[in-house]
Amino acid sequence: MSDTLAQTQGRPPRGSRRGGGGRRRRGGERSMVPEAEFTSYYGRPIVKPSPWEADIPAYLFAGGLAAGSSLLAAGADLTGRPGLRRVGRVGALGALSFSMAALVHDLGRPSRFVNMLRVAKLTSPMSVGTWILSAYGPFAGAAAAAELVALLPADKRRGPLRLLELTGRPAGLVAAVFAPPVASYTAVLLSDTATPSWHEAYRELPFVFVGSAAAAASGLALIGAPTSETGPARRLAVGGALMELAMERRMEQSMGVTAEPLHAGRAGRLMRAARGLTLAGAAGAALSGRSRVLSALSGAALMAGSACIRFGVFEAGQASARDPKYTVVSQRQRMKREGPARHRPEDPEA
Amino acid sequence: MTSLFNEFDLWGPLDPAADAGYGKDKPKRKGFFTDTSICIGCKACEVACKEWNDVPADHFDMTATSYDNSHSLNSNQWRHVAFIEQPRRPAVDLGMPTTRPDDDLLGGLLAEGETGDGAPSDGVPDFRWLMSSDVCKHCTHAACLDVCPTGSLFRSEFGTVVVQDDICNGCGYCVPACPYGVIERRRGPEGSKNVGIAQKCTLCYDRLGAGQQPACSQACPTQSIQFGDVEELRERAERRVARLHEAGVMDARLYGNDPHDGVGGTGAFFLLLDEPEVYGFPPDPVVTTRDLPQMFRRASAAAVTLLAGAAVAFVGRRG
């Protein structure tokens, strides 16, 4: 690569700092692509990393957990599994509240959230996501409220409270309809940026994230619901975990050089932890049967695995933005493959 | 998804102001042509920008890598002059005999007869400086504007991109969306205005409205920064490149002037003397919204998969 890239530039890099090197994977493993030499302005970043901190991956995780929980709750409601339904509805509200708190913390002031509702913009995944959440939130909240009302003694459930209890099922079903977009839009949120490792992941990331959401919500159900009702959660856990792992693997293959940050440093550790935890959790969910302790342990592993993959993907993107290599080399390689990006009227995407 | 948008909304050539809904009586699209071949690195543009726009100074230090003390374009640096120190090299080495001593020979002369002030005896320095005043590109397809969830970023009647401080909620989404790393959320210094709010070059929107040119181009002593109608500037830039090529400066190239490029052409474009990445520019930026229809389809497919998966999980035996 170092030779070919130098050739495309007509000559070896000079003057400004050379990049590449020092990024080899530990343990003697071969990195995804050979080390590349490239030119940059004294090694300074070209694109800016997002100013986001831990709030945002936590928000991504909690959003997925809420969405998956609403789906499990709706299914449990329709198939007569009250224990699973309760964990799903209350879990969805808890996770949603947590994600909202994380979002507001990121913005700094609650009033700033209101500005999100000034416009609806299809080109902004954050705007679309805000509106999806605004549609989903109240129904998820109403379903959870109905669940809590049902816990009151019968003579206290009168008037408006009784009405609230009756709205539980329709509200829960509407929430379940809005839940899948809640789980998948967060992938577009990351991909619709110039951050190399987020943008290049756009093909598979939505599948990784919904798989992760299914695994996390199933994990919560395995922890909280009576084992006699967790059959669907176990199946969803295995399905979600397998999808997450398989699509993550495919994603790394299609990302080219921008897959490297997924293996390096903190992001690499998080991604390895996510794989281990998710696999262990899925195996536990499939095999633990009626054992309460094993179920809870697998559930915890699934939730932790889901959290790790969100933080891992987040960190990898941040790292890819901080190193100009991933901007320059990936664009140079694309130019070598396809020529410079030019809009031509005959393009199918035009 | 695509059908929700007009042709070229997501990428391709476009008159951005007309696309944003300005009528026929809108002014012509304004922009900068920055000719780096005549930039002397005086940083007058940086100072003029800070003065006019009240942009705080938040550091005064060196990076120990170059003489550049303002580091990068960021929320407190809306113009940034890059200093690139390059060893000299043969123009194009064809392995042919030359009438001029080649670089190896020059190196030899240097070792023997150095004058002490870094210049070899023939008066030609053994390195060159590239200087380039960078600025927000005011893209035709501006990713920052497209991803802003509040409508704080808007397209002005001059075809430029401007942030409204009172509407920006500091979500920071525009920051990773910009393919050039221009816009940033202001972190400090303490007590300065608009901390926590996205900030970048406005192309001196207030001055344009009053019929003035931006502070940086007015302050530029060499006319390296030229302000005007983008269409006219593009022609001027073509002529300048042709002249430089005639003069044997074959490395001269335009960057960002092509309306068919990945961002639909930029309102602020450059004449460079080397590869874009040498100056800290991305070599071939593409607006992220080009892939948005595909992203939307993928996310929808994933959402449907999740819904179906959850439904299937409930089918089968109880337990």
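Are Arg89(A) and Asp77(A) buried or exposed in this predicted model? Both Arg89(A) and Asp77(A) are buried, where buried means under 20% relative accessible area, exposed over 50% and partly exposed in between, with a 1.4 Å probe and protein chains only. The model is a predicted one, in which local features need pLDDT of at least 70 and side-chain atom pairs count only at pLDDT 80 or more, while totals for chains, interfaces and linings use all residues. Residues are numbered from 1 along each chain as its sequence is written, chains are lettered from A and ligands numbered from 1 in the order in which they are written, and side-chain values use heavy atoms, with hydrogens and water left out.

**View 1. The salt bridge between Arg89(A) and Asp77(A).** The side chains of these two residues meet at 3.1 Å, N to O, a salt bridge being a side-chain nitrogen of Lys or Arg within 4 Å of a carboxyl oxygen of Asp or Glu. Because Arg89(A) lies in helix α3 (residues 82–107) of chain A and Asp77(A) in helix α2 of chain A, the pair ties together parts that are twelve residues apart in sequence. Helices (H or I, at least four residues) and strands (E, at least two) are DSSP runs, numbered from the N terminus. Over all chains, a search of the whole structure finds 30 salt bridges.

**View 2. Leu60(A) in helix α2 of chain A.** The helix that holds Leu60(A) spans residues 55–78, and Leu60(A) is buried, with a relative accessible area of 1%. Leaving aside residues up to four places away in sequence, Leu60(A) touches Thr186(A), Leu189(A), Leu190(A), Phe209(A) and Arg310(A), a contact meaning heavy atoms within 4.5 Å. Leu60(A) and Leu133(A) are 73 residues apart in sequence, and their C-alpha atoms are 12 Å apart in space. As background to this view, chain A has 13 helices and zero strands, and 58% of its 350 residues count as buried. Of the contacts in chain A with a separation of 6 or more, 75% are accounted for by residues 24 or more positions apart.

**View 3. The salt bridge between Arg157(A) and Glu165(A).** The side chains of Arg157(A) and Glu165(A) meet at 3.0 Å, N to O. Arg157(A) counts as partly exposed at 22% relative accessibility, whereas Glu165(A), at 19%, counts as buried.

**View 4. Arg332(A) and its salt-bridge partners in chain B, Glu275(B) and Glu277(B).** In the pair of Arg332(A) with Glu277(B), the closest N and O atoms are 2.8 Å apart. Arg332(A) lies in helix α13 (residues 324–338) of chain A and Glu277(B) in the loop between β10 (268–272) and α9 of chain B, so the pair joins two chains. Arg332(A) counts as buried at 7% relative accessibility, and Glu277(B) counts as buried at 0%. Arg332(A) also forms a salt bridge with Glu275(B), in which the closest N and O atoms are 2.8 Å apart. Between chain B and chain A the count is five salt bridges.

**View 5. The side of chain B that touches chain A.** The contact between the chains takes 100 residues from chain B and 82 residues from chain A. Together the two chains bury about 7300 Å², 58% of it on carbon and sulfur atoms, buried area being the accessible area (1.4 Å probe) that two parts lose on being put together, summed over both. Tyr173(B), Leu306(B) and Phe314(B) supply 11% of the area that chain B buries against chain A, more than any other three residues. The count between the chains is 35 residue pairs in polar contact, both at pLDDT 80 or more; a polar contact is a pair of N or O atoms within 3.5 Å, where within protein one must be able to donate a hydrogen and the other to accept it, and residues adjacent in sequence count only if both atoms are side-chain atoms. The elements that give two or more residues to this side of chain B are β2 (79–87), α4 (143–147), α5 (174–177), β6 (184–185) and α9 (292–314), and α9(B) gives the most, with 17 residues.

**View 6. Residues 100–119 of chain B, where the pLDDT is below 50.** Beyond near neighbours in sequence, this stretch has twelve contacts in the model. Chain B averages a pLDDT of 87, and 86% of the residues score at least 70, pLDDT being the predictor's confidence in each residue, from 0 to 100. The model scores ipTM 0.89 and pTM 0.88.
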